[in-house]
Amino acid sequence: MGVGVSIEPSKAVAAPAARVAPIAEVEVGLGAAIRGAIGSFFVPAAAIVVALLLFGIFIAITGRNPLAVYYQMYRGSFGTAFSIQNTLVRAAPLMLTALATALPLRLGLVGLGGEGAMVLGGLGAAAAAVFMTGHSPMAVKCAMLVAGAAIGGLWIAFAGALRAYRGVNETICTLLLNYIAIALLNHIVEGPLRDPASLNKPSTLPIGDDNMIGNLPGMDVHWGLAFGVGACLLTWVLMNRTTFGFAARMVGGNVRAALLNGLPVGRLIVVATFIGGVCAGLAGSIEVAAIHGTANASLVTGYGYTGVLVAFIARGNPLAVIPVALLLGGIGASGGLLQRVFDLPDATVNVLQGILFISILFSETFYGRSLKELGLFRRRATPPATPPALQKQPPAVEGAV
């Protein structure tokens with residue numbers, strides 16, 4: 001009887017494996033897709049909704065109607081043609097300063113130096129215009145943009161070099177460098193480059209109307225918006241379609257693995273921080289060349305710190321920086337309307353930004369986790385039913401075939 005059995009054990013085991021493997025691969029791919037969708041859209045969207053709810057509670061405590069406040073915020077940011085243009089003007093520097101944090105973030109670095117790089121970039125642009133007096137307007141404009149971008153890039157790259165070669169914490173370093181940059185602005189504006197005609201508000205000499213950067217055709221928005229969008233597109237290509245970007249992402253994923261593969265980690269850090277600083281310095285030079293016409297204390301606007309929030313919401317993705325900058329630019333543009341309609345301080349929108357920042361930081365714990373891992377829609381576990389054939393098995397007989 002036992003001789004008639006001709007099934008080989010190896011073939012009997014191999015057949016089920018061939019059927020189960022594709023199902024496991026599909027389940028793994030589906031889980032990764034769900035986690036990717038949660039991480040890219042649902043988590044930041046939920047963080048923004050939570051921040052709006054908390055801000056609504058804050059508004060209700062002050063005795064105002066939260067829904068009415070939200071409506072006026074919409075009107076002040078995207079409700080009219082004027083508000084849209086105002087939002088675009090505010091979003092332009094946010095795009096550039098956000099890149100000063102977003103690019104190092106791809107390497108696992110948290111830099112907060114966009115404010116200092118922007119301030120010194122504006123100061124460098126004003127100084128270049130003063131020293132280029134008598135040259136053609138095009139030459140002066142190019143000199144301002146190049147000077148501001150170069151100074152901003154070197155300023156942030158200095159912090160990157162300290163991190164790469166001396167182990168200095170980049171977050172603390174860039175934060176302290178912001179205060180040094182503001183102090184340098186005040187010293188130079190009130191000292192060597194001060195315009196004698198500026199009495200109540202010290203500033204540098206005006207760059208001149210001919211050297212100002214104009215507006216985009218058909219819009220009351222300066223060319224800084226085009227620079228911001230262009231910088232986001234170029235840096236996205238750099239970080240996602242080049243070997244440099246691949247190496248930078250490898251450093252951000254695992255520094256030890258990058259070193260074992262022979263990647264120049266220190267040089268990558270310095271280059272990435274330099275490019276981010278170039279963008280922030282360019283934002284400062286555009287503020288001088290398109291809006292202020294001179295360097296003064298008005299350059300300290302907080303765009304650099306708001307750019308940090310933009311970079312975190314965008315999770316270091318230069319393309320995602322564009323819509324997030326528009327959103328936060330609109331929130332900032334609505335502050336004046338809230339002040340006029342509800343008699344709220346103009347800084348009320350800063351409360352919303354602060355709540356939003358805390359909410360975004362808290363939401364970091366939910367990235368890359370599925371609904372089952374988060375504990376949502378968890379069903380009560382029930383023991384599997386035992387097949388009838390296995391419920392009552394006769395004891396094994398020793399020696400049976």
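The model is predicted, so local features need pLDDT of at least 70 and side-chain atom pairs count only at pLDDT 80 or more, while totals for chains, interfaces and linings use all residues. Residues are numbered from 1 along each chain as its sequence is written, and side-chain values use heavy atoms, with hydrogens and water left out.

**Stop 1: the whole chain**

Select everything. The chain has 16 helices and zero strands. Helices (H or I, at least four residues) and strands (E, at least two) are DSSP runs, numbered from the N terminus. Of the 401 residues, 42% count as buried. A contact here means heavy atoms within 4.5 Å. Take the contacts in the chain with a separation of 6 or more: residues 24 or more positions apart account for 75% of them.

**Stop 2: helix α11**

Select residues 303-313, which form helix α11. How many of its 11 residues are buried? The count is 10, so α11 is largely enclosed by the rest of the structure. Colour the buried ones: Y303, G304, T306, G307, V308, L309, V310, A311, F312 and I313. Now show what covers them. The cover includes α3, α4 (114-131), α10 (265-292), α12 and α14 (348-363).

**Stop 3: Q353, part of the cover**

Select Q353 in helix α14. Q353 is buried, with a relative accessible area of 13%. Leave out residues up to four places away in sequence, and Q353 touches T306, L309, L328 and I331. T306 and L309 are among the buried residues of α11.

**Stop 4**

Move on to R315, in the loop between α11 and α12. Most residues other than glycine have a negative phi. R315 is not a glycine, yet its phi is positive, at about 55°. R315 is partly exposed, with a relative accessible area of 39%.

**Stop 5: L105, a partner of R315**

Select L105 in helix α3. L105 is partly exposed, at 22% relative accessible area. Beyond residues up to four places away in sequence, L105 touches V110, A311, R315 and G316. L105 and A272 are 167 residues apart along the chain, but their C-alpha atoms are separated by 9.4 Å.

**Stop 6: the cavity**

Rolling a probe the size of a water molecule over the atoms shows where empty space is left. On a 1 Å grid over the protein atoms alone, a cavity is a set of points where a 1.4 Å probe fits but cannot get out, and lining residues have an atom within 4 Å of a point. Grid points are joined across faces, edges and corners, and a volume is the space filled by probe spheres set on the points.

By this rule there is one cavity of 30 Å³ or more. The largest cavity holds about 80 Å³ of space. Select P104, G111, I156, T174 and T273, the closest to its centre of the 13 lining residues. Which elements give two or more residues to this lining? They are α3 (81-105), α5 (137-166) and α6 (170-190). α5 gives the most, with three residues.

**Stop 7: α7 against α12**

Select residues 224-240 (α7) and 318-333 (α12). Their axes are 7 Å apart and meet at an angle of about 155°. That makes α7 roughly antiparallel to α12, a label for angles over 145 degrees. Axes are lines fitted to C-alpha atoms, for helices over the stretch in contact, and angles run from 0 to 180 degrees between N-to-C directions. From α7, the contact uses V229, C232, L233, T235 and W236; from α12, it uses P318, L319, V321 and I322.

**Stop 8: two loop residues**

Select S334, in the loop between α12 and α13 (335-342). Is S334 buried or exposed? At 0% relative accessibility, S334 counts as buried. Apart from neighbours within four places in sequence, S334 is in contact with M73, G76, S77 and V349.

Finish at D343, in the loop between α13 and α14. D343 is exposed, with a relative accessible area of 63%. D343 is not a glycine, but its phi is positive, at about 55°.

Conventions
Parallel < 35°, antiparallel > 145°, perpendicular 65-115°, else oblique. 1 Å grid on protein atoms, 1.4 Å probe; cavity = no way out; pocket = protein on both sides within 12 Å on 5 of 7 lines; lining within 4 Å. Buried < 20%, exposed > 50% of the residue type's maximum accessible area, 1.4 Å probe, protein only.
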